[in-house]
Amino acid sequence: MILVGLTGGIGSGKSTVSAALAARGAVIVDADAVVRDVQQPGSPVLQAMADRFGPEVIAADGSLNRAAVAAVAFADPEALKALNAIVHPAVGAEMNRRVMAELPTDHIVVMDIPLLTENPREGLQGVIVVDVPVETQVQRLVQFRGFDEGDAMARIGKQSTRQARLATAGFVVDNSGDLAALEPQIDALWEWLQTLPQLPPDFTLTK
């Protein structure tokens, strides 16, 4: 197994790069998808959230009421800290389980983590950073995700700076152009990934 991280600021198009790697045969362990999985109806995580924040965080169909969680948790730093204490350990354990299941294989495993720079992972053989200028991030968030400009800048401001992300990069994908400009970079990235050494069979993830 070859294990790498993939990150990028909000609006950078990281999911496009992730999908392109998956199409070439990479195994993607997506942090956002794992968050949704561990919060499924009836899960211990969802029950712990209801115990902490009240039954209104569970919708009538048993699923997570994301708006209710956001209203409670993101208005109060202590509540947000409590939410993270419930969710993050479960997400980390499930991501590690999925990665370790691939250890006996020769697969390229990509841990797709939006906040990888803020929360570094041990054991990665390289980090891919999807990079765009801040003004491109803002434009995309406004155009494609319905943000107003102030909200877009606020969300970007809560993440690591562009410079901090680039400082962690083993490979940088410039996604400021169109898909035609991205494709040859993905080809080069795939070649780079295959030059990385396989992890030893006794490898373990501790974080």
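These legends walk through several close-up views of the structure.

**About the model.** This is a predicted model, in which local features need pLDDT of at least 70, side-chain atom pairs count only at pLDDT 80 or more, and totals for chains, interfaces and linings use all residues. Residues are numbered from 1 along each chain as its sequence is written, and side-chain values use heavy atoms, with hydrogens and water left out.

**View 1. The open sheet has 5 strands in the order E2-E3-E1-E4-E5, with parallel pairing.** Strands (E, at least two residues) and helices (H or I, at least four residues) are DSSP runs, numbered from the N terminus. Two strands count as paired if DSSP finds at least two bridges between them. Strand E2 (27-30) and strand E5 (171-174) sit at the edges with a single partner strand each, so one side of each has no neighbour in the sheet. From one strand to the next, the twist averages 25 degrees. Angles here run from 0 to 180 degrees between N-to-C directions, with axes as lines fitted to C-alpha atoms, for helices over the stretch in contact.

**View 2. Strand E1 (residues 2-8) runs parallel to strand E3 (residues 108-112), and 5 bridges join them.** Look for Gly-5, which stands opposite Met-111 in E3. H1 packs on this sheet and touches E1, E2, E3, E4 and E5, with its direction at about 155 degrees to that of E1. Contact means heavy atoms within 4.5 Å. Helix H9 (residues 179-193) lies across E1, E3, E4 and E5, and runs at about 170 degrees to E5.

**View 3. E4 is mostly covered, with 5 of its 5 residues buried.** Buried means under 20% relative accessible area, exposed over 50%, and partly exposed in between (1.4 Å probe, protein chains only). Val-127, Val-129 and Asp-131 are buried on one side of E4, and Ile-128 and Val-130 are buried on the other. E4 pairs with E1 in the parallel sense over 4 bridges, and Val-130 in E4 is the bridge partner of Gly-8. E4 also pairs with E5 in the parallel sense, again over 4 bridges. Across that pairing, Val-130 stands opposite Val-173 in E5, while Asp-131 has Asp-174 in E5 as its bridge partner. E5 itself has a covered face, made of Phe-171 and Val-173, and an uncovered one, made of Val-172 and Asp-174.

**View 4. Lys-14 belongs to helix H1 (residues 14-23).** This lysine counts as buried because its relative accessible area is 12%. Leaving aside residues up to four places away in sequence, Lys-14 touches Leu-6, Thr-7, Gly-8, Asp-112, Pro-114 and Val-130.

**View 5. Leu-179 has its place in helix H9.** Leu-179 counts as exposed because its relative accessibility is 60%.

**View 6. The largest pocket has a volume of about 1900 Å³.** Of the 46 residues that line this pocket, Asp-32, Val-35, His-88, Pro-114 and Leu-115 are the closest to its centre. The elements that give two or more residues to the lining are H1, helix H2 (31-38), helix H4 (66-73), helix H5 (77-100) and helix H6 (134-145). H5 provides the largest share of the lining, 10 residues. Sorted by class, the lining has 20 nonpolar, 15 polar and 11 charged residues. Here Ala, Val, Leu, Ile, Met, Phe, Trp, Tyr, Cys and Pro count as nonpolar, Asp, Glu, Lys and Arg as charged, and the others, Gly among them, as polar. On a 1 Å grid over the protein atoms alone, a pocket is an open set of points with protein on both sides within 12 Å along at least five of seven lines, a cavity is a set where a 1.4 Å probe fits but cannot get out, and lining residues have an atom within 4 Å of a point. Grid points are joined across faces, edges and corners, and a volume is the space filled by probe spheres set on the points.

**View 7. The structure holds 1 cavity of 30 Å³ or more.** The largest cavity has a volume of about 30 Å³. Its lining is made up of Gly-9, Ser-12, Val-130, Asp-131, Val-132, Gln-137, Arg-162 and Arg-165. Strand E4 (127-131) and helix H8 (162-167) each supply at least two of the lining residues.
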